[in-house]
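Subject: Structure for you to look at

Hello,

Here is the structure I said I would pass on. My notes on what I found in it follow below.

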Amino acid sequence: MPARFDVVIIGSGVGGGCIAHVLAPSGARIVILERGSRLPREDRNWDPEAVYADAAYKSDERWVDGNGRSFRPGQFYYVGGHTKVFGATMFRFRREDFSAMEHAGGLSPAWPIDYETLEPYYARAERLFGVHGEACADPTEPPRSGPYPHPPLRHNPVIAEVAEQLRAQGLHPFPVPSSVQNHEGGACVRCNTCDGFPCRLGAKGDAETRLIDPVLQHENVELRCQAQVVRLRADASGRRVAAAELADGTKVQGDLFVLAAGAVNSAAILLRSTHAKHPEGLANASGTVGRHYMNHNCTAVMAIRPLRANREVFQKTLALNDFYLDDGADGPPLGNIQLLGKIMEPMLRNEIRRVPRWARTWLAAHSIDWYAMSEDLPHPESRVRARDDGAIVLDWRRTNLAAHETLVAKARRMLRAAGFPIVLTKAFSKDTPSHQCGTVRFGHDPANAPLDPFCKAFDLDNLYVVDASFFPSSAAVNPALTVAAQALRAGEHIAQAALH
């Protein structure tokens, strides 16, 4: 490796990948440091026994919760980050998500940018990820500058029937915006293992296939795997990051650093990066690094018709936002409801162990599976800490749970009215930080935000943090497209302001 790089990017997920995508044509010497390896394409990619029952791709690391309990978090360290197993859902935040909004559990704060600022980058990100969708089908959708790159995913017959049953109730179901290659010339075969599984065909729009592999075609870009960054080292002035220190003790020097390791790990890296002029960690003059951790309140909902098996496999094509901006009666916002990938028996095994296997198999065979998601509000004591022994402490103070319970109740009622007499629910645990955000938020005031509106650290001249850490609020839809849009915007700013 060169002794020094122009740009050091820490993390190869959506944030780091989009920064690399923007900066690669500049000719700057860029290295992407990824703590994991390439996730192999192999038969067990689609094996629910391997992926869920055996947790074959899940990290073995242990974190500690606020009560001192050790747990194995749902972390996936591979080139492409968590997108290797995400459900490929690519929502824009609603226009209202960028403004202060009252919820049943408190205030969701305003962002330092508005929707109109991010809209061109949303459009660019949708093209980059090849998103399928239908403009104007969702009544809450914000204004768009153009259509989706690809038409919406086709519903299978069972889901098409459910959509009509929901419309008969006065609801407004719409196609899920999705980044899969399910178009002419695309590799998607509409399997039942898109959501929560790696794609054996490379047909899912993950950060590896859509971002990292293309940027590596540039001779000035390198990818270094199994390179876990544990801290950043600032120079004597304390104003510039000089090097990234790896777990093996080696250091990677650079002129500009982009931290995109995920909201939990990015916060932990900064907190470990103490310096004489930054005793509480880098970028932490505000004292807010690691605080305001958020992770959506989520519940799996299984709608069951006992006399009718669901033999369809590709079902993640439908969503509803009827209760996104209010509860349907001018009350507070509740959240989003969307389909999950098809649940199979091994996916239930660790969740309902006391239920016999034959019963779990029957449930999975007769269910249509949904995902109810509500906003988690920022709380200063909901936080990430880095212990002296290297362990990460994740003390999540969940908020807005009453609104989420109302959303789940509405989902039950609408599904029973749609002909599903049995509706079972299971809340996601604290061990599943798949939508982690908010720990290094951006804002206008360095007194209460570590980052400026372009995600540059106020305290340092050459550090940007561009993953979901920067979110001031979590909204109530999947975060990947918003991370991508802001990373494209930040990358453009870096190219214009820092590389010239």
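A residue is called buried when its relative accessible area is under 20%. Please keep in mind that this is a predicted model.

Histidine 296

By that cut-off histidine 296 is buried, because its relative accessible area is 3%. Leaving aside neighbours within four places in sequence, its contacts are Met373, Ser374, Glu375, Asp376, Trp396, His435, Ser474, Ala475, Ala476 and Val477. Alanine 475, for instance, is 179 residues away in sequence, yet the two C-alpha atoms are 8.3 Å apart.

The side chain of histidine 435 makes a polar contact of 2.9 Å with the side chain of histidine 296.

Helix H1

Helix H1 (residues 14-23) packs against helix H5 (residues 207-215) at an angle of about 35°, and their axes are 9 Å apart. The crossing of H1 past H5 is left-handed. On the H1 side the contact is made by Val14, Gly17, Cys18, Ala20 and His21, and on the H5 side by Ala207, Leu211, Ile212 and Val215. Sorted by type, the residues of this contact are 7 nonpolar and 2 polar, with no charged ones.

H1 is largely enclosed by the rest of the structure, because 9 of its 10 residues are buried. The buried ones are Val14, Gly15, Gly16, Gly17, Cys18, Ile19, Ala20, Val22 and Leu23. The elements that cover them include strand S1 (4-10), strand S2 (30-33), strand S11 (251-259), H3, H5 and H10.

Helices H3 and H10

H3 and H10 also pack against each other. The axes of helix H3 (residues 115-129) and helix H10 (residues 480-497) come within 8 Å and cross at roughly 110°, so H3 and H10 are roughly perpendicular to each other. From H3 the residues that meet H10 are Thr117, Leu118, Tyr121, Tyr122, Arg124, Ala125, Glu126, Leu128 and Phe129. Their partners in H10 are Leu481, Thr482, Ala484, Ala485, Gln486, Leu488, Arg489 and Glu492. This contact divides into 10 nonpolar, 3 polar and 4 charged residues.

Regards

Terms used. Residues are numbered from 1 along each chain as its sequence is written. This is a predicted model: local features need pLDDT of at least 70, side-chain atom pairs count only at pLDDT 80 or more; totals for chains, interfaces and linings use all residues. Side-chain values use heavy atoms; hydrogens and water are left out. Buried means under 20% relative accessible area, exposed over 50%, partly exposed in between (1.4 Å probe, protein chains only). Contact means heavy atoms within 4.5 Å. A polar contact is a pair of N or O atoms within 3.5 Å; within protein, one must be able to donate a hydrogen and the other to accept it, and residues adjacent in sequence count only if both atoms are side-chain atoms. Axes are lines fitted to C-alpha atoms, for helices over the stretch in contact, and angles run from 0 to 180 degrees between N-to-C directions. Helices (H or I, at least four residues) and strands (E, at least two) are DSSP runs, numbered from the N terminus. A crossing is left-handed if the near helix is turned anticlockwise from the far one by less than a right angle, and right-handed if clockwise. Ala, Val, Leu, Ile, Met, Phe, Trp, Tyr, Cys and Pro count as nonpolar, Asp, Glu, Lys and Arg as charged, and the others, Gly among them, as polar. Angles under 35 degrees count as roughly parallel, over 145 as roughly antiparallel, 65 to 115 as roughly perpendicular and the rest as oblique.
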